[in-house]
Amino acid sequence: MDAQTIIAKRIARELRDGMLVNLGIGIPTLVANFVPDGIHVFFQSENGLIGTGPIPEQGMALPWLTDAGGRPVTALPGASTFDSAMSFALIRGGHLDLTVLGGLQVDRRGLLANWMIPGKMVPGMGGAMDLVTGAKRVVVAMQHTAKGKSKIVDALSLPLTSTRPVDLVVTELAAIAFQDGRATLMEIADGVSVEEVLAATEADLFVPDNVPRMALEPRTEP
Amino acid sequence: MKTISLHDAVAIIPDGASLMIGGFMGVGTPEAVIDEILRQKKSHLTVIANDTASPGIGIGKLVTARLLSKVIVSHIGLNPETQQQMMAGDLQVDLVPQGTLVERIRAGGCGLGGILTPTGIGTVVEEGKSKITVNGREYLLEVALRADFALIHAFLADYIGNLAYALTARNFNPLMALATDTVIANADNIVPVGVVAPDHVVTPAPVVDYLIAKA
């Protein structure tokens, strides 16, 4: 299984029936492919849609029904559309149960940098700062390392997204949570040892006595 | 509200004007108005919008033609030309968190001086701004935004200028329609009064100054 699929399947286990969820571009988008049977999740696109559905069939795209990247999508039964003030009222106002975003770096306390690399990549923050500041739960989906360097760092070298720490980081190697302000190894991926995770992680990781394997099968509990 | 030709509507806009342009990655942008701005070569414009779309789409066309001197937007990641012109110092780009941008525009249209938001606290966004503590939580004071013209795209306009929007093409349009001195609307369909039911009107006719007539 490739890294992106491992990450997306694990994060899909965070979904609960009735949740309002915003997925960022990249790996987070893949989470929608693994919604467990029997639960209904409302996906929000911050351009003004709740009830975002899959890409339409060939020839069925509507130019004014798109996701936040401008790509054609469908709207599921029960969908709603609204203006950008409503969209960010939902995000900033504490109505969004879960946001899943990509990350460039996360530090030992869970602070996230994900919107620019000075001098190289300046895409703008878009909705990222509002999402991290306002969502009830923030999950980061990212590969553990980039070009051999840990993305879970002691201190951020890239510009901060929000002073609100993220709740969970899921990589192809591990799930790391940030309760009590410290990075804690919660789960390790199949075939990976604790030592391998520690070696790939720059930040100090607290390792509990028992670290379970990262489950990827669809969650069946209510 | 006056009906106006596409040519005459754009002719009203002087060089150097500030424009709020609806749309999100070009969806909900009045494309015909953009094309007419290009044709009339309006220049030194300031654009306030969610993003600069992509080259060849919506506001992206204005970037490529170098008609803009400043943009206030939340995202330029899908338009490499905006990034190149910014890096080269040819285009001033003010990046604003999307939720802050929309509230600053809303404030500008609602008679408010600004808004208090937790977004941006502790980041580069807070530089040079006042912080205000309310009930123990710190907020940034973000001031209202207004512009000379709003360029609005609607799905339906009735003969007197009531506007309704379609799906995700609504986005910033109804907020911008309140936040400028002159509102120019272009609609996919112009319909008799009554076709848009009162409950379905999003932008009421009295705020629309010009409705572009079909050619």
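Residues are numbered from 1 along each chain as its sequence is written, and chains are lettered from A, with ligands numbered from 1, in the order in which they are written. Because the model is predicted, local features need pLDDT of at least 70 and side-chain atom pairs count only at pLDDT 80 or more, while totals for chains, interfaces and linings use all residues.

Chain A contains five helices and 14 strands. Helices (H or I, at least four residues) and strands (E, at least two) are DSSP runs, numbered from the N terminus. The radius of gyration of chain A is 17 Å. This quantity is taken over C-alpha atoms, and the globule rule is 2.2 Å times the number of residues to the power 0.38. The rule gives 17 Å for 222 residues, so chain A is as compact as a globular protein of that length. Its C-alpha trace spans about 50 × 45 × 30 Å along the principal axes. Of the 222 residues in chain A, 43% are buried. A residue is buried if 20 or more other C-beta atoms lie within 10 Å of its own, exposed if 12 or fewer, and partly exposed in between, with C-beta atoms placed from the backbone. Two residues are in contact if their C-beta atoms, placed from the backbone, lie within 7 Å. Among contacts in chain A with a separation of 6 or more, 63% involve residues 24 or more positions apart.

An open sheet of nine strands lies in chain A. Its order is E4-E3-E2-E1-E5-E8-E12-E13-E14, and the pairing is mixed. Two strands pair if DSSP finds at least two bridges between them. E4 (74-81) and E14 of chain A stand at the edges with a single partner strand each, so one side of each has no neighbour in the sheet. From one strand to the next, the twist averages 25 degrees. Here axes are lines fitted to C-alpha atoms, for helices over the stretch in contact, and angles run from 0 to 180 degrees between N-to-C directions.

A:Thr52 stands opposite A:Ala75 in E4(A). A:Ala175 has A:Glu187 in E14(A) as its bridge partner. Six residues lie between the strands of this hairpin, where A:Asp180 takes a positive phi near 60 degrees.

Chain B has six helices and 12 strands. Its radius of gyration is 17 Å, close to the 17 Å that the globule rule gives for 215 residues, so chain B is as compact as a globular protein of that length. The C-alpha trace of chain B spans about 50 × 40 × 25 Å along its principal axes. Buried residues make up 53% of chain B.

The contact between the chains takes 32 residues from chain A and 35 residues from chain B. On the chain B side, H5 (98-110) and H6 (173-176) each supply at least two residues. H5(B) gives the most, with five residues.

The largest nonpolar core has 113 residues. Such a core is a set of buried Ala, Val, Leu, Ile, Met, Phe, Trp, Tyr and Cys residues joined through C-beta atoms within 7 Å. E9(B) (residues 147-158) gives the most to this core, with seven residues.
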